Amino acid sequence: MTTDQPALASAVPAPRSAPAGDGGPRPGPAPRRGFLAKAFGITAVLSAAGSGLGLLRDLLLARYFGANQGTDAFLVAWTVPETAAPLLIEDAMSFLMVPAFALALVLREEHPDAPDPVRQLVRATLPWLLLALSGLALAVALGAPQLVDLLAPGLADPGLAVSCTRITAITVLPFGVAGYLAAALRAHHCFTAPAGIYVAYNLGILAVLLGCQSFLGVRSAALGVALGSLLMAGLLVGPFLRRLRRGATAGRRSRRSRKALVLMPLALLPVAAFTLTRQSQVFVERYLGSTLPPGTISHLNYAAKVSQLAMTAGILICTVTFPLVARALAAGDLTAARDRVEKDLGQAAAVVLFGTAFLMACAPSVVSLLFQRGAFGPQDTAATAAVIRVYSFGLPAQALIGVIVRPYFSLRPVVRRAGDPGTEDGGRRLLDWYPVAAMLLGLGVTATVGLLATPRFGALGLAAGNAAGITAAAALLLHGLVLRGIPLRLRRVLGGHGRLAAAATGATVLGAAAAGLAADPLLSTLLGGLTVALAFAALGTGLGAREVRGPVLAAARALNPPTVADEGKLPHGQ
């Protein structure tokens, strides 16, 4: 591993489709049949467990502390892990390191007797990462008073927020370690341990919250966040070391010291800037929400947590397929990458739009069923449900961005092949910053709508600004992926999304009518949810949405397998 000193800002040449039959680099061996289904199943189960524990965490926060100035203070402090998680676990670290490890694995397969490129990559990046994360955590802890004043100048209890912020500053280091190790494991097609990190995280929070809330108050939640972050990093150390040792055998047999990869540190700047800009929508909400009545920030938080469950389910798809896209791009196979990205866009949209329809139809009963107990009263339920319905308009765009940015940043990973040219034209380098520009424009829309709508509509105005801003950014990024060099068939993609959106609209109307037939929250949620599911399946199939029609027809065949007599009626060969 060497450092690219002459041209640190240079990018890898744009990958090109590899002609059939040439001797150029190709992706690693295709995963065995059923691998994606198995990996998605494991990831979905563990992620659902983590989300369920996270929901339980929010339920306990609502039960013990309600929605008041104390919870507002804690949620301002929670901005630190909320920002660190996408930057260091879910987004930036994954966007950078999954392609980097994918390229290292491709080089390992091409040169099995050379020193292991994966170990070279770890030696060149991990020590610097640990040093940077430690300094950042210390800076957040020392600057907590200024940070709280910047984020929420109108907060009723800034002292409590400063105390909680200093506790949550600890999360920066273990979050970064967890993100790095998870990226390495996913690139190796190991999904079980990375999918379990949020289970460990939320178990840590729940343990401290249940044991200490009576005498520490809301500070117990902050301490739980710190403990949970340490548990999530610890969960990945063992699997990572085992994978690293397996790849060392071939390298030991070779005495050559050839450096297979060149590190390009400046590649991380546009990725980090994009992630921080994307997370800045939360900063806008906290800033404007701090001037509204106490409890507003808490209502926004509870609504966001429920709403994003649907978006998270959609993102699970590209979490599993991202290493395959990264390997295809590392080998120059743009056609395979495009086909995978288009499929991911459709499947993620189907999952998220179904969840959106359910939330819009059943928001009051869902919030009442989940939160309305203890200090969380009917007024809090009504306010949170209204915000959920407005938030939901932006969920498809959030999922779209989650799918798009992964292949976008994979085209310029933090490393390149040692033999590739080290320079690139300025136009391509400028495209590195296109996602940041798109998010800045979206952030401007969020702030503008929020400033105009908040005085009259309060929290609903903030939620509307969030939905409008993220939708504008998603539209720009979809076009940007084509500019980047991945030839998406936009008419096909947008046509499929249009059919799914039409099915979701009809399902929402029918589901809301069904949910209104019952006053009991549980019965209302069941009626509305069942109606949404049936309507979405029927309408999606009727409108020809492939992502709905395929599973529906497969389920119908499974429930009604053809008889011997039916098979005899089929034409020969069918």
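Reader: Why is R338 called buried?

Author: In this predicted model, R338 has a relative accessible area of 15%. Buried means under 20%, so R338 counts as buried.

Reader: Where is R338 found, and which residues does R338 touch, not counting residues up to four places away in sequence?

Author: R338 is found in helix α15, which covers residues 334-371. Once residues up to four places away in sequence are set aside, R338 touches I486, P487, L488 and R489.

Reader: What makes R338 and D339 a salt bridge?

Author: The closest N and O atoms of R338 and D339 are 2.9 Å apart. A salt bridge needs a side-chain nitrogen of Lys or Arg within 4 Å of a carboxyl oxygen of Asp or Glu, so this pair of Arg and Asp meets the rule. The side chains of R338 and D339 are also joined by a polar contact of 2.9 Å, a term that requires N or O atoms within 3.5 Å.

Reader: Why is D339 called partly exposed?

Author: D339 has a relative accessibility of 34%. Buried stops under 20% and exposed begins over 50%, so D339 belongs in between, as partly exposed.

Reader: How do you know that E342 and R489 meet in a salt bridge?

Author: The N to O distance between the side chains of E342 and R489 is 2.6 Å, and the rule asks for a distance within 4 Å. The pair therefore qualifies as a salt bridge.

Reader: What makes E342 and R489 a pair that ties parts together?

Author: E342 lies in helix α15, whereas R489 lies in the loop between α20 (459-484) and α21 (490-515). The two are 147 residues apart in sequence, so their pairing ties together those parts.

Reader: How many salt bridges does the count come to?

Author: The count comes to five salt bridges. One of them joins D58 to R57, with the closest N and O atoms 3.3 Å apart.

Reader: Why are D58 and R57 called buried?

Author: D58 has a relative accessible area of 2%, and R57 has one of 8%. Buried means under 20%, so the term applies to D58 and to R57.

Reader: How do you know that R278 is buried?

Author: The relative accessible area of R278 is 16%, and the limit for buried is under 20%, so R278 is buried. This residue lies in helix α13 (residues 268-289). Apart from its neighbours within four places in sequence, R278 is in contact with D91, Q398, I401, G402 and M439. The C-alpha atoms of R278 and A438 are separated by 9.5 Å, while the two residues are 160 residues apart along the chain.

Reader: What makes L268, L269 and W433 a nonpolar patch?

Author: L268, L269 and W433 are on the surface, with about 260 Å² of accessible area together. A patch is made of residues with over 30% relative accessible area, and W433 has 38%, so W433 passes that cut-off. With that value W433 is partly exposed. Its place is the loop between α18 (426-431) and α19 (434-457).

Reader: What is noted about the phi of H189?

Author: H189 has a positive phi of about 65° although it is not a glycine. Most residues other than glycine have a negative phi. H189 lies in the loop between α8 (172-187) and α9 (192-195).

Reader: How many disulfides does the structure hold?

Author: The structure holds zero disulfides. A disulfide requires two cysteine sulfur atoms within 2.5 Å. Two cysteines can be described by accessibility: C190 is buried at 13%, and C362 is buried at 1%.

Reader: What is known of the protein chain in terms of helices and strands, and of residues that count as buried?

Author: The protein chain has 24 helices and three strands. Of its 574 residues, 56% count as buried. The accessible surface comes to about 23,600 Å², of which 66% belongs to carbon and sulfur atoms. Among contacts with a separation of 6 or more, residues 24 or more positions apart account for 86%.

Definitions and conventions:
Residues numbered from 1 in each chain as written. Predicted model: local features only at pLDDT ≥ 70, side-chain atom pairs only at ≥ 80, totals over all residues. Heavy atoms only, no water. Patch = residues over 30% accessible without salt bridge, like charges linked within 9 Å, V, L, I, M, F, W, Y side chains within 5 Å. Areas by Shrake-Rupley, 256 points an atom, 1.4 Å probe, with all protein chains shown as cover. Helix = DSSP H or I, 4+ residues; strand = E, 2+ residues; numbered from the N terminus. Buried < 20%, exposed > 50% of the residue type's maximum accessible area, 1.4 Å probe, protein only. Polar contact = N/O pair within 3.5 Å; in protein donor to acceptor, adjacent residues only side chain to side chain. Contact = heavy atoms within 4.5 Å.
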